Amino acid sequence: MLHERIPDLAKYVEPDRVRKEVYTDPAIFELEMERIHERVWVYCGHVSQVPKTGDYLTVQIGRQPMVMVRAKDGKVNVLYNRCPHRGAMVCGDHRGNSGEFFRCSYHAWTFEHDGRLRNIPMMESGYTGTRWGRDNPDCGMKRAARVENYRGFVFASLAADGPTLSEFLGRSKVAFDDICDRSPEGEVEAVPNCFRVIQKGNWKIFLENQLDALHPSVTHQSTGRAAREVELAIEKKTGKAPLAYHMLSAFATVTIDKWDAFQTLNYPYGHCILTGYMGLRPQDPDTLEYERVLAKAYGEKRKEEILSTNIHHVLIYPGLSVQSPLQQLRAVRPLGPDRTLTEIWHFRLKGAPEPIYRRALAYYNLVNSPSTMINADDLENFWRCQQGLTSQGGDWVSFHRHHGRDIDRGDYLETGANMGTSEAPMRNQMKAWAQFMTAEK
Amino acid sequence: MARKILKKSAAKKVAAKRSAAGKVVARASNGQGSQHAVEQFLYRQAEILDAKRWQDYIDLFTDDAMYWMPPEPSHTTWDGMPAIFAEDKNLMNVRMRRVMHPDAWSQRPLWGTNHVVGNVIIEKEAANGDVMVRSRFHMLEVRRDDVRHFAGRYLHHLKKTKDGYRIKLQRVDMTNAQAAYDYVLQVWV
């Protein structure tokens, strides 16, 4: 039916512009859930969030309520959070521990952590001779078709076929390598706190904003300037302001021409990278101590390689925005065409000195918490876009900035010199979108 | 008209008497007196916040103060912990300057808050007059066409100064701290 209503989806996306309905039409949203989010690899959580048997975390994949759980054998499974009896959700909390097995709150059906049925009350007397019983696989909690993890970051795909996680992530894997390699032990641990913020805009508007290098100096100038003023006042008084002020003032002091000096790299499946590093390698005693610890673990050469990884942001389509140098990520859960939930997590580098964690924490609290002085203005813009896109004042969204000047490197597109503010990442995302949406299966 | 003015000045006199009486009571019975003074302080803080008198609000805090909103009640410190707010006076200053900046886009739409503070319980009172006080709040916020409701507990560490109380620590445990935030918190709660 949807397919009849939207006969030629490909016509909604041109290389340099996109029809407004792509952001507003509920039918297109439903089709996106079916053909993108419920098909590709979607980030669920980190293994450290479910350390013990029975630990679980509930997560939405497309429209499907899922649960990620640690099983007795140590494996992390992802199941549909649904009892096969009457359809009740089995885990009602965001996170918790289910004990030795899952138990439905409605009629006490129980399930193993891999979804297999364990027991039904009155199994013999009530179900003998019916189609429902222990031998019917439909009596278990259904499993996600595929679950894989990369360096502890767990993804699930609800489609049996398709690229492997490694193939899907491709070069965007650098997000997780960069996070983990910065730990002298090569591992991270999720800090058990999730900030959940709802945006009143389409999920794609958020993703497109993440690598939009032109917006910070416009959208965030008020916060950048305010932070710069206070930063200067502190410097005048004490000689040095905490790094946290730089994290905020950079939004004003990094001018558009400096953003242009950065670069975007645009990969298959819609993944993109914005290079640039917010001066997070100062020569203070904390950093130098950290560098000593890293050199001891990896050797001088490898340490240099790790610390010179030139990444500001990695976008893993269709729902993960990673800031690897600061060990944090935002997972996108679309709630409807005009509502999007972001789940925001940060990670501790195992074995790294405490002050290095404090940097990630400062950014997490200042930029990514519900009191954020940065995203406050982003979310305002997302809302305005969503409102404007419903109007009859025009049919297209423009992604023309530096169009036609991207450099084709074979398996990826690179923006040209001094074109860091190019809208190449948006064009790349919409290209992937059109491919996903028009794929037969 | 003249009668009205007369009435007003009479009312003023009565109020002056009352406040003088209050002072006498404060001297006579320290506990009861600080209860009243502390309540007045908390009410005024709420009023200043609702009136968007940002500098006056910041001035209620001591120079080494902390405004802290933990994400969950089990937290015992902001130091090294995720926090919704963990702002010293410098960071509060950044926030104030941001919201007052003409290009703070999200400040453009009409918005306002209404705080009601109650259940004021003085937990501790030191010999020097410093108090630790617990209270509850309800806050209604209107932004554009959206209404949000926040509620929770305040814990104030108040320092007694010659200019009245100043806040050394304000801890805000919002009952909906863990709920999803439909949009963000632009200023202090």
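Strand β13 (residues 188-190) of chain A runs antiparallel to strand β20 (residues 339-349) of chain A, and 3 bridges join them; two strands are said to pair if DSSP finds at least two bridges between them. Helices (H or I, at least four residues) and strands (E, at least two) are DSSP runs, numbered from the N terminus. The model is a predicted one, in which local features need pLDDT of at least 70 and side-chain atom pairs count only at pLDDT 80 or more, while totals for chains, interfaces and linings use all residues. Residues are numbered from 1 along each chain as its sequence is written, and chains are lettered from A and ligands numbered from 1 in the order in which they are written.

**Strands around β20(A)**

β20(A) also runs antiparallel to β14(A) and to β19(A), which spans residues 328-336. The table lists the bridges for these pairings, each with one pair of residues that stand opposite each other.

| Partner of β20(A) | Bridges | Opposite residues |
|---|---|---|
| β13(A) | 3 bridges | A:Val188 and A:Leu349 |
| β14(A) | 5 bridges | A:Ile198 and A:Leu341 |
| β19(A) | 8 bridges | A:Leu329 and A:Trp345 |

Because 8 of its 11 residues are buried, β20(A) is largely enclosed by the rest of the structure; a residue is buried if 20 or more other C-beta atoms lie within 10 Å of its own, exposed if 12 or fewer, and partly exposed in between, with C-beta atoms placed from the backbone.

**A buried helix**

Helix α7 (residues 203-210) of chain A is likewise largely enclosed by the rest of the structure, because 8 of its 8 residues are buried. The buried residues of α7(A) include A:Trp203, A:Phe206 and A:Leu207, as well as A:Lys204 and A:Glu208.

**The contact between chains A and B**

On chain A, 32 residues are in contact with 25 residues of chain B, where contact requires that the C-beta atoms of two residues, placed from the backbone, lie within 7 Å. On the side of chain A that touches chain B, β14 (195-199), α9 (221-238), α14 (354-367) and α15 (375-389) each supply at least two residues, and α9(A) gives the most, with 9 residues. The residues of this side divide into 15 nonpolar, 11 polar and 6 charged, where Ala, Val, Leu, Ile, Met, Phe, Trp, Tyr, Cys and Pro count as nonpolar, Asp, Glu, Lys and Arg as charged, and the others, Gly among them, as polar.
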